[in-house]
Amino acid sequence: MTAYIALAVVVVIVIWAIALYNRLRTHKNQVENAFAQIDVQLKRRHDLIPNLVEVARGYMQHEAQTLEAVIRARGEAVSAADKARQSPGKAQAMGALMAAEQVLGGQMGRLMALAEAYPTLKADARMQQLGEEITSTENRIGFARQSYNDEVLEFNNQAGQFPDLIVARLVGFVHLDMLASTQSEQERAVPQVRF
C-alpha cells in the first residue's frame, strides 16, 4: 500500500513537472516570437535606410559625413540585431541592440533635421514616401517592443514563482531582460525648453 502511495506521489510530481515545463516552453516560444516581430520591423527599417540615404545624397552633397554616419550606424544596428536574434532575452545581446538602435535613431534624426534645410529634398516625392514608411515602421517597432516586453513579463512571472522557480532553474529557464527605450537617467530626464 505504501509503495502505491509513493508511486502515486512520484507520478503526480512528474506530471506536474512536465506540465510546468510545457507552460514555460510555451512562454519562451512566445517571447521568441515577439522578438521575431521586432526583428522583422528592424529589418524593414534597416532596408529602407539605404534608399533614404541615396535619395538624400543627390541633394546633400555637402553632408557626406552625416550620410556616412547613418550608414555606419545602420551597419552596427544590423550586426546587433543579428546577435540578438541568436539569443533573444539575453542581457548582453538586448543591451547591445538597444544601444545600436539608439545610435541609429540619433543619426536618422540628424539626417531628417538636415533634410529640412533642403526644400527640394523635402519636396521630393520619393523622400516623402520613404519618410512615411520609416515613420510607420517606427510605430510598428514600438508596438512590437511592447508585445515583446509583455511576453517577457509573462515568462519571468511564470519562471520566477515558487514552486515553478525550481523546475525553471533545473531546466535552464532563466530571467529574460526587457527592451527599454532608454539606458540612463540622463536619457530619462525631461528636456528643458527655454525661450
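Biologist: How far apart do the end C-alpha atoms of residues 6-24 lie?

Modeller: This is a predicted model, in which local features need pLDDT of at least 70, side-chain atom pairs count only at pLDDT 80 or more, and totals for chains, interfaces and linings use all residues. Residues are numbered from 1 along each chain as its sequence is written, and side-chain values use heavy atoms, with hydrogens and water left out. An unreviewed UniProt entry places the feature "transmembrane region" at residues 6-24; such annotations may be inferred rather than shown by experiment. The span is 100% helix and 0% strand (DSSP runs: H or I, at least four residues; E, at least two), and its end C-alpha atoms are separated by 27 Å.

Biologist: What is the radius of gyration of the chain?

Modeller: The chain holds seven helices and zero strands. Its radius of gyration (over C-alpha atoms) is well over the 16 Å that the globule rule (2.2 Å times the number of residues to the power 0.38) gives for 195 residues, so the chain is more spread out than a compact globule. The C-alpha trace spans about 90 × 35 × 20 Å along its principal axes. The radius of gyration is 23 Å.
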